[in-house]
Amino acid sequence: MLYAQILVNGLILGGLYACIAVGFSLVWGVLNVINILHGSFVVLGSYVAYFAYVHLGIHPFLSIVLSGALLFALGYVIQAGLINRVIAAPVLTTLVLTFGLELLLNNAVLVAFSADYRAVQLANPMGSQIIGGIVFPMERVMATLLALALTGLLYLMLAKSKIGRSIVAVRMDPEAAALMGVKVKRIYAVTFGVGALMAGAAGSLLSVVFPISPLNSTEFLGIAFVVCVLGGLGSIAGAMVGGLALGVIESFGALLIGPQHGLTIAFSLLILLLIVRPTGIMGRRGYE
Amino acid sequence: MNKGQTMHRVAVALTLIAVALIAALPALSDNYLLRLGTMGAMYAILALSWNIIGGFAGYPSFSTAAFFGLGAYSGAILQGAGLPMPLAWVAAGLIAMAFATLLGLAILHLKGHYFAIASLVVAEVLLEITTSWTSLTGGGMGLNLPIIRISIDAQARLFFWSMLAIAVMALGMNYWVSRHRLGFGLMCIRQNEDAASMVGINTTLYKVTAFALSAVLVGAAGALYASWVFYIEPPDVFATLTSVKPIVMAMLGGAGTVLGPAIGAVLFLAMEELVWRNLLQIHAAALGLLIVALIFFLPGGLLGLVTGKRKRRVVAKKGETTSNSAVKGGAA
Amino acid sequence: MSPILELTNVTQRFGGLTAVDDVTLSVMPGEVVGLIGPNGAGKTTLVNVITGVYRGTGTIVFDGQRIEALKPYQISRLGVARTYQVVQPFPEMTALENVMAPATFAHAGVSLTTAREKAAEALDFVGLGAEKDKRASSLTLAGRKRLELAKSLAMEPKVLLLDEVNAGLNPAEIDVAVDLIRRIAARGVTIIIIEHLMKVVMNLCTRIVVLHHGAKIAEGAPDTVTSDPAVIEAYLGNRYAKRAAERAAAAAGGAHG
């Protein structure tokens, strides 16, 4: 029963991880940019949820709309105004640029909100349900279900909508897409915006699970990295599988070696995978 | 050609004079300046070392912190076990180099972002191992180094000159690589690795050699740093910023050039002292702003500003007198 | 005389696709062998197998030595050079530096000074001497193709594999290139050339090898190969082949009667 409980815990955590990583994966896959800002985007989403709840009384599960919209705008502006200008430069340039932007943004968040941990204290918590001897903390379960639903929505958007098809086309061959009349730079900005949107929405959902602080951004970024490498870059399904896998691995790892080493296990796994199988567990490419 | 040789001689002479002047810094007997000088030399070692793998070979390595921390802990542990200080520094350099060789064999087949991430995560894993392995490293409590029985002033001079000596070695290493077939081969790898392999370059050997060279002096500098500050702890010597700062310095001065990273290191230190010490609350943001400005306004670094202009002029002149130069070429 | 290059039962598979299918081929020193076949016949893949980019099955002997397990840089150092269908210069280097690279690394113990001299010589040979200080990326397509040739020459190869060196060139440029290849062959370099233009193949080659679906379907002197029904079928499809065969039969019959 203990193992079943740990498995459930891992899956609940993993759904949230998938949601954190999917936007990061999208940006990496389509733009070939590693967005070091991603962790701070998640943190910003959590702050939006916190203030929306404290001042406006909006439940974090509803404020994903708000945080998603705000983060989309922020991401769009950053890509259109800054990163697009060096998108053709070597990998190191965009990597260092987003790192510089991360230093700026994270410092700004730190000055604005301080490093103190905050938590959303829900007025009507849903509590826990025990089904078949396994405890289901309902807020977390809801957050995870919403996270998976959002990821599914993103999948549908890429597969069905016009803008989604453009994103897929740009990912496969930017030059061919440009010839077919796709405004590639605009699609880059939209993609980066969508990546930020997913981060922001994930941040909102996380606000009911984890305490909020600017110091968390590095951990979220690390999770996004590991999930992408685990699941393989460039597919929504990969991010899902990678996220759930990481959640389960971390839960069982915490049991075996101790909870403080969760991320270490993840990172060691990451290096091992990079060495042995850089294309990830799924090993497929393309958003199809 | 002659003009180029003259330029080269002038550059070498100016560098030697600058090194001699810096070496005379203790004459001012200002311990604050001496501390800055030691920091500057250390930054130069990190930036010049990164330049071998990142600048010449074009591999975006974020392993500097791993090599630095490994060197610091190796040196500290060996000194604690009774090895004389200078020998501990040498041993730390060699340990870092051996580690880089093995790591390079494992991850240098990765390209672009994948290599960057793998190299970045290595420092995180070492940090965790160091923190957990309390019996050897003191864990999160950190590690104290043996006290040296000479005066504070003499210590300051000793560490300054030692750090400077390693910095000069780093500069010499860059100079040697740039004029040797290794540097030429790395440049080919940076521009087109498949083609480099087709023209007969053993790309694996060259990349691993570059990675090992980019580690050896960083490891020694880490050990020297540990001796200098007497006390180290994991988050201090394995900090991610230790991997990022050298890249910024090299880009500031001009990555892939010999002098650029050294110049960048000095400028970076000056900015760090002047700007960030006064704006403690937002020093990270100031660094971020510097990075963003650097990428948009100075993409080739300071030296790129000079040589870039020169190249453009040469090309323009060639374009005007193609027929002339053909005749000259035939005569020569 | 023994062959300089000998392939025995070489096969290369990618998943379910057999790109090179059991090819056996031997090339004598000094030959100019044309490698032809429809698009996707596996010509470039075969070159990639010979140069060590892919590792297939079967044996490859070069100059008396097994090379099928060697790495690309080792094979090129032994004396097998190649050009690419899509030219692969070092874009930020000058033409001279581009050619210096193979001159430096193809043989052990070459100093940069010697390499520079060799490179200048190779550039003069291909007619790029005047443009040696230009950046490779600023050369015309024809110029970059000649740069590729100079790069492979600077390796002082025994065998040179040319992959569509004439693609994208205009007729005047092609004439220059063909003349250049002939001069390279005259130096005693064995050449294997992948080419779509039959005029060039008929002009240059002493022997032609035809690949279809990865397998060798014909080889021989240019005239015999181009009238081989199997080759015509591979190129033009079944219907045309039948018609050509009928026409040949009719012509033979007419001659007899």
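Trainee: What percentage of the 288 residues of chain A count as buried?

Mentor: This is a predicted model, and the figure is computed from it. A residue is called buried if 20 or more other C-beta atoms lie within 10 Å of its own. Among the 288 residues of chain A, the share that counts as buried is 51%.

Trainee: Which elements make up the secondary structure of chain A, and in what order do they run from the N terminus?

Mentor: The secondary structure of chain A comes to 11 helices and two strands. Followed from the N terminus on, these elements run in the order α-α-α-α-β-β-α-α-α-α-α-α-α.

Trainee: Why is the radius of gyration of chain A said to agree with that of a compact globule?

Mentor: Along its principal axes, the C-alpha trace of chain A spans about 60 × 45 × 35 Å. For a compact globule with 288 residues, a radius of gyration near 19 Å would be the expectation, and the value for chain A agrees with this because it is 18 Å.

Trainee: What share of the contacts in chain A with a separation of 6 or more comes from residues 24 or more positions apart?

Mentor: Here two residues are in contact if their C-beta atoms lie within 7 Å. Taking the contacts in chain A with a separation of 6 or more, the part that residues 24 or more positions apart account for is 79%.

Trainee: Which element gives the largest share of the side of chain B that touches chain A?

Mentor: In this pairing, 32 residues of chain B are in contact with 29 residues of chain A. The elements of chain B that give two or more residues to its side are helix H4 (85-107), helix H5 (112-132), helix H12 (240-253) and helix H14 (283-297). By class, that side of chain B has 24 nonpolar, six polar and two charged residues. The largest share, 11 residues, comes from H5(B).

Trainee: Which element gives the most to the side of domain 1 of chain C that touches domain 2 of chain C?

Mentor: The domain assignment of chain C gives domain 1 (1-79 + 157-224), domain 2 (91-155) and domain 3 (227-257), and 23 Å separate the centres of domain 1 and domain 2 of chain C. Their contact takes 11 residues from domain 1 of chain C and 10 residues from domain 2 of chain C. On the domain 1 side, the elements that give two or more residues are helix H2 (72-78) and helix H6 (171-186) of chain C. With four residues, the element that gives the most to this side is H6(C).

Terms used. Residues numbered from 1 in each chain as written. Chains lettered and ligands numbered in written order. Predicted model: local features only at pLDDT ≥ 70, side-chain atom pairs only at ≥ 80, totals over all residues. Rg over C-alpha atoms; globule rule 2.2 N^0.38 Å. Buried ≥ 20, exposed ≤ 12 C-beta atoms within 10 Å, placed from the backbone. Nonpolar A, V, L, I, M, F, W, Y, C, P; charged D, E, K, R; others polar. Domains from an automatic or database assignment.
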